[in-house]
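Q: Could you take me on a close look at one part of this model, the packing inside one chain? I would like the cut-offs along with the picture, please.

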Amino acid sequence: MNVDFILYIAINTLVVLAIAPLFVSMIKKVKAWTQGRSGPSVFQTYASLRKLLTKEVIYSPSSSRIMRITPLITIASILVAALFVPLIFVPEPVGGIGNIILFLYLLALARFFMALAGLDAGSSFGGMGSSREMSISAIIEPTTIIVFAALAFVFKTLNIFDMVSRMAPGLPAAPTLILISISLFIILIVETSRIPIDNPETHLELTMIHEGMILEQSGRNLALMELAAAVKLTVLMGLLINLIVPLGLATSLTLIGILIAVILFVIKGSILAGIIAIFESSMAKKRFFQLPSLFAMAFFFSTLIIIIEVFS
Amino acid sequence: MILLAFIAVTLLALVIIILSHNHLRMNTACILQALIFVILTAYIVMFRQIPVESFFIGSEYFFIDHLGIFEVGIATIIFTCAALYARGYIEGLVESGELEKGSLKLFYVAWTLLLLVIVLAFFSDNLALFWIFAELTTIISAMLIAILSARENIDAAIKYIFIASVSMLFTFVGFIFLFEISRTSPDAGSLNWTDLIQHASVFPPGMMLAAFALIFIGLAAKSGIFPFHTWLPAAHAKAPSAVSAILSGVLLNVGIYGIIRVYAIVHQTPAAGIVAPMLMLFGILTVGIAAFSMLPQKNLKKLVAFSSVENMGILLIGLAISTPIALFWMLFQIMAHSLTKASLFFSSGILHRQYAGQFSSDTVDDIRDVFRLQPLAAWGIILGGLAIIALPPFPIFFSEFFIMLQLGAVSLWVLVITLFLLFIAAGALGYFVITNFTKVSGPGADDDIKHYHTPVSMKIPIIFLLALLLIIGILLPHPGMEFISQIVTELKF
Amino acid sequence: MIDTSTIEGIIRILFVGIIITAAYIISTRNLLSVVSVYAVQSLTLVFIALALYSLEGSLVLLAIAIITFFSKVLIIPYFITTIQERIRIKRDIEFHFLNPTTSLLISMVLMLVIYMVLSRIMQGTPARESLFFFGAVLGISLMLMGMMVTFSRKRVITKALGFLSMENGVLLFGLFVTELPFIIEFLIIIDLIILVLLTTILSVGIDSTLEDYHQRLHRFHLWEEPGEDS
């Protein structure tokens with residue numbers, strides 16, 4: 001492990017923590033605009049996180065140790081997963097870092113503990129949320145695997161670092177990139193529990209999935225959970241952005257290069273956030289049993305990519 | 001230039017129809033159009049050298065050969081009869097309120113256009129052009145089915161349009177294939193049948209097979225061959241009977257005609273070895289499905305419609321044998337079936353007017369006292385039925401007899417199966433006629449059946465067609481036979 | 001003049017556009033958006049024809065692009081939208097046999113099969129170049145996907161759209177495999193327009209929710225089959 005890589009760990013984690021709340025509120029802002037409201041300030045999420053961090057944590061008397069460790073495990077695994085996706089600076093990959101399969105497992109670990117915590121408190125909403133979350137992830141899993149397999153097929157590598165830095169043996173053509181971006185976009189929507197899968201803004205018992213699971217969390221723990229969700233969003237957005245338009249990614253450690261990369265990433269991220277917001281505003285939440293048709297779309301496109309890659 | 005004459009006559013008829021306000025005048029225009037078409041056809045047959053060379057100046061898209069003029073002859077005769085029949089039949093529909101008066105003009109415009117389009121389809125040398133005209137016949141005839149604007153009619157029409165058009169798209173892809181194949185031949189790409197048949201022997205069999213399979217899908221759907229026959233019974237049963245006669249007697253021929261043409265090309269290549277059994281299989285399946293669907297049938301028009309499906313199957317079998325004799329009798333069967341089926345639909349149309357809506361729902365015919373009420377229609381059904389199940393001296397007997405003879409030479413088992421199926425179909429028809437025509441309502445119940453007064457114009461076509469069939473069957477006129485054998489040589493069998 | 005490889009790249013991107021629109025048409029339940037997506041699909045075809053024109057310089061391609069633009073991007077979608085407003089149906093949620101998810105999965109398998117079959121059939125013909133070959137595969141796939149729409153939807157108007165998308169597939173196939181005389185292409189368009197006119201007008205009868213139409217139908221005794229509901 002060289003100095004570059006240690007610096008990368010520091011920079012990437014800092015940047016992701018710093019930017020994640022911004023993107024969340026940006027999506028909220030654009031959605032508010034499309035609905036004709038002015039919406040909260042783009043820095044609102046920072047403020048609410050800070051407030052939550054100072055609040056006292058209350059545990060339900062029926063909850064076990066799971067409830068106490070879940071926020072930590074979640075944020076930890078998500079932050080490690082964040083290391084796998086270089087946002088602004090691509091060093092030489094070290095060890096298993098950057099492996100796309102490990103990346104998936106880390107996300108799954110966070111999800112697993114979240115679902116456990118949802119069940120742990122014994123409230124009915126938490127159980128409902130967990131069961132829905134698990135059903136959806138069971139359905140989306142094959143699709144996710146296929147999408148990532150398509151990525152691996154196209155780039156002929158399993159390492160995200162190589163894909164992003166375009167050092168991989170295979171280079172994708174423009175048509176393939178379009179199909180990949182659609183598939184990844186759908187994965188992004190599903191993984192971050194947004195409309196039409198879930199509604200991140202309500203605590204309406206009939207529709208909520210992700211919010212249902214963290215209903216029992218409070219204070220510092222809630223802040224960690226929300227931060228984890230925001231980081232996950234940013235990481236997936238970063239994956240999509242840097243795979244499709246890797247423009248401006250720094251490959252060497254210079255201050256100016258990093259600065260430019262950060263600015264460019266924020267711009268690209270904001271654009272994607274805008275797209276997500278518009279997509280969300282134009283959709284209604286789907287019924288649970290209609291969800292597979294959305295996944296099927298991602299599945300279809302990724303399989304198509306694999307077919308094209310295999311046969312031509 | 002003759003083609004221009006056809007078009008001009010149609011235009012004239014259209015103008016008359018659009019300008020006139022009463023039904024009789026529109027109908028007369030249609031009858032006259034069809035009659036003039038018959039005369040033009042006769043003129044071509046008698047006084048022109050067939051195949052007519054370069055008669056349509058500056059265009060390589062059309063031609064007239066024996067097969068084309070043969071089909072046109074059948075079509076025009078049936079159209080003349082049907083137009084005459086429609087005179088009384090449509091009048092009745094208008095009176096009973098099933099057809100709105102405002103739709104009359106549309107009906108006759110579509111009618112005249114349909115005849116023209118069919119004639120042009122038979123005269124098209126370019127297969128893509130043939131495709132377009134065949135597609136137009138689907139649309140126009142669907143319009144004629146839907147004209148009654150009852151929900152079932154619209155359903156039937158839409159089913160017909162979608163099944164036929166969707167399958168015809170496959171045919172078009174097949175034609176594109178064929179075009180691509182012909183580009184590899186010494187003569188650069190062409191879709192003209194006359195060019196294709198000349199160079200057919202050098203075409204690669206693999207692609208030829210694919211092309212034929214695709215083309216077959218659409219044309220099979222047009223001619224009601226299993227598994228694409230599902231539209232046929234509904235459409236034929238729901239259409240006004242004059243239209244049913246055209247659908248069965250002429251439109252099904254369009255599909256079969258296309259299959260014959262393309263098969264003639266395939267026949268020149270080694271691919272015929274695979275295509276012929278395939279056709280045979282589809283033919284037998286079609287006959288089988290039709291025969292077993294006829295058995296429980298309670299509706300006369302549906303029964304007759306399924307009988308058309310059965311006959312299409314026989315035609316396909318005849319084509320699949322692909323010997324010159326089988327082809328000869330298959331062509332003969334096309335003619336015989338068209339004329340017979342038209343007369344059957346005319347007769348059942350009279351019965352439909354007599355009985356529909358009084359006692360029965362539309363799916364079951366409640367026929368009784370038929371000999372007292374409609375003696376002509378009853379005898380028309382009986383004689384037509386005897387003709388369609390191939391009893392001598394009706395012409396279908398000869399064609400089916402010889403086709404079966406040829407089939408026996410190919411495979412005895414296939415022959416046995418086919419004969420069995422034909423027997424079932426004949427039995428179904430006979431059973432229907434016997435059970436329904438012997439029903440007599442008891443004394444005192446006489447008053448509740450209102451007698452439908454059949455106009456003379458509806459009777460003449462039935463008598464004419466039956467007489468024509470008898471004459472053909474008994475005399476087997478030599479010039480006609482000669483004519484058909486010329487078709488066989490032109491198709492290079 | 002733009003160089004060949006750029007145009008080929010553009011055509012590949014347009015192919016992806018066609019796949020996306022086809023997948024959307026198969027899986028959506030919103031009638032209004034199907035029409036606009038169909039228009040987009042036709043527009044993509046127009047661009048493909050134009051790209052091919054700049055590649056080959058044949059005037060027929062230009063003419064095809066123009067008539068396709070006017071008929072399929074403007075006239076037909078406009079007409080269908082008008083009819084849709086008349087019958088006031090916005091969603092299409094009834095399916096025969098296949099629901100959208102299954103159709104998508106099946107169409108994927110179909111594409112693979114078509115690829116294999118076509119590559120066997122077209123071996124050794126001039127069309128067996130990569131780009132043109134892909135065009136042909138895509139054309140047939142689009143056609144089959146359209147067919148699935150036609151047969152799996154219950155609304156006549158969606159059936160018609162499925163048919164139209166099939167026809168787009170045929171056009172695509174025709175563009176890439178061979179070159180037909182312009183007159184034929186033109187007549188096909190005419191044929192298509194008549195067909196769409198007829199089916200959509202008939203669909204007013206079937207899909208309509210308007211009360212008066214039903215009353216009109218009720219007057220005829222032909223329409224009294226038990227179990228008919230609408």
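A: Happy to! Let's start from B:Val119: leaving aside neighbours within four places in sequence, B:Val119 is in contact with B:Phe6, B:Phe37, B:Val72 and B:Ala75, where contact means C-beta atoms, placed from the backbone, within 7 Å. This is a predicted model, in which local features need pLDDT of at least 70, side-chain atom pairs count only at pLDDT 80 or more, and totals for chains, interfaces and linings use all residues. Residues are numbered from 1 along each chain as its sequence is written, while chains are lettered from A and ligands numbered from 1 in the order in which they are written.

B:Val119 also belongs to the largest nonpolar core, of 370 residues, where B:Ile78, B:Ala82, B:Val119 and B:Leu144 touch the most other members. Such a core is a set of buried Ala, Val, Leu, Ile, Met, Phe, Trp, Tyr and Cys residues joined through C-beta atoms within 7 Å; buried means 20 or more other C-beta atoms within 10 Å of a residue's own, exposed 12 or fewer, and partly exposed in between.

Helix H5 of chain B (residues 127-146) is mostly covered, with 20 of its 20 residues buried. Helices here are DSSP runs (H or I, at least four residues), numbered from the N terminus. H5(B) reaches 28 Å from its first C-alpha to its last, close to the 28 Å expected at 1.5 Å a residue, that span being 1.5 Å times one less than the number of residues.

Elsewhere in chain B, B:His66, B:Leu67 and B:Phe70 in H3(B) meet B:Phe483, B:Gln486, B:Ile487 and B:Glu490 in H19(B).

Notes. Contact = placed C-beta atoms within 7 Å. Helix = DSSP H or I, 4+ residues; strand = E, 2+ residues; numbered from the N terminus.
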